[in-house]
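Thanks, everyone; I would like to take a few minutes on backbone angles and charged pairs.

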Amino acid sequence: MAAGLASHAAAGLQEEFFGYNVLSEFSERTKMELSPLTEAFVMHFGEMGSRWGINRTVGQIYALLYISGRPLPADEIAQSLNFSRSNVSMGLKELQSWQLVRLQHLPGNRREHFTTPDDVWQIVRTLAEQRRAREVDPTLSVLRDLLVAQPRSEEDRQAQEKLREMHDLIELLVGWADDVSKLETKELVQLLKLGSKVVGLLELKSRLPLLGRGTRGAAPVEDHEQD
């Protein structure tokens with residue numbers, strides 16, 4: 001009973017000094033600040049983020065910053081997503097380590113604001129570079145070490161053959177990615193828009209030797225000129 005009275009008294013003081021219930025106001029502001037469209041995108045990005053190997057909280061923070069039309073301070077992010085300030089702080093640090101979020105200071109405002117790059121293509125390039133550095137490069141390093149190791153048995157030699165196939169495939173993809181990363185955005189868009197035309201060119205290339213053999217086997221056409 002005493003605990004109940006104390007809780008009631010605390011709630012009364014809260015309303016007396018602040019004029020509202022913090023939790024209910026927090027919930028209402030969250031609903032008001034996020035439109036249905038924004039909320040749907042943020043929730044989906046959080047779900048997908050957990051499947052991509054990043055924390056759900058980090059995914060939602062990034063989605064909010066990306067879709068927002070202005071830089072946001074950490075406390076507003078926490079309020080909008082109903083996250084604790086400490087979770088937002090850790091999430092922002094992780095996103096900064098991925099170079100997907102940058103710190104921005106606004107004139108006349110002491111608070112640190114955060115935003116994402118404006119160019120979506122730059123975001124994709126940065127994400128690809130970071131994932132390669134964290135996932136692909138370490139794998140290639142391990143594969144190289146295993147391939148130069150002296151096999152101790154026939155089983156080891158067979159295993160190295162499989163590892164070499166994997167290594168060569170990854171290196172081929174990495175080399176292609178390096179070439180693509182050097183392209184300007186306009187050129188990259190043109191390359192992606194080629195689509196099935198590239199397949200058509202490859203099919204034509206494979207048929208050219210056959211066409212050449214057919215031409216060589218044909219009888220030459222004589223030029224009959226009258227004197």
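This is a predicted model: local features need pLDDT of at least 70, side-chain atom pairs count only at pLDDT 80 or more; totals for chains, interfaces and linings use all residues.

**Backbone and salt bridges**

Gln99 counts as exposed, at 53% relative accessibility, where exposed means over 50% relative accessible area, buried under 20% and partly exposed in between, with a 1.4 Å probe and protein chains only. Residues are numbered from 1 along each chain as its sequence is written, and side-chain values use heavy atoms, with hydrogens and water left out.

Gln99 also has a positive phi, near 60°, and Asn82, likewise not a glycine, has a positive phi of about 60°. Most residues other than glycine have a negative phi. Asn82 sits in the loop between α5 (74-81) and α6 (85-97), and Gln99 in the loop between α6 and β2 (102-105); helices here are DSSP runs of H or I with at least four residues, strands are runs of E with at least two, and both are numbered from the N terminus.

Turning to the charged pairs, a search of the whole structure finds nine salt bridges, each being a side-chain nitrogen of Lys or Arg within 4 Å of a carboxyl oxygen of Asp or Glu. One of them joins Arg132 and Asp178, at 2.4 Å from N to O; Arg132 lies in helix α7 (residues 120-148) and Asp178 in helix α8 (residues 154-181), so the pair ties together parts that are 46 residues apart in sequence. Arg132 and Asp178 are also linked with Asp137 in a network of salt bridges.
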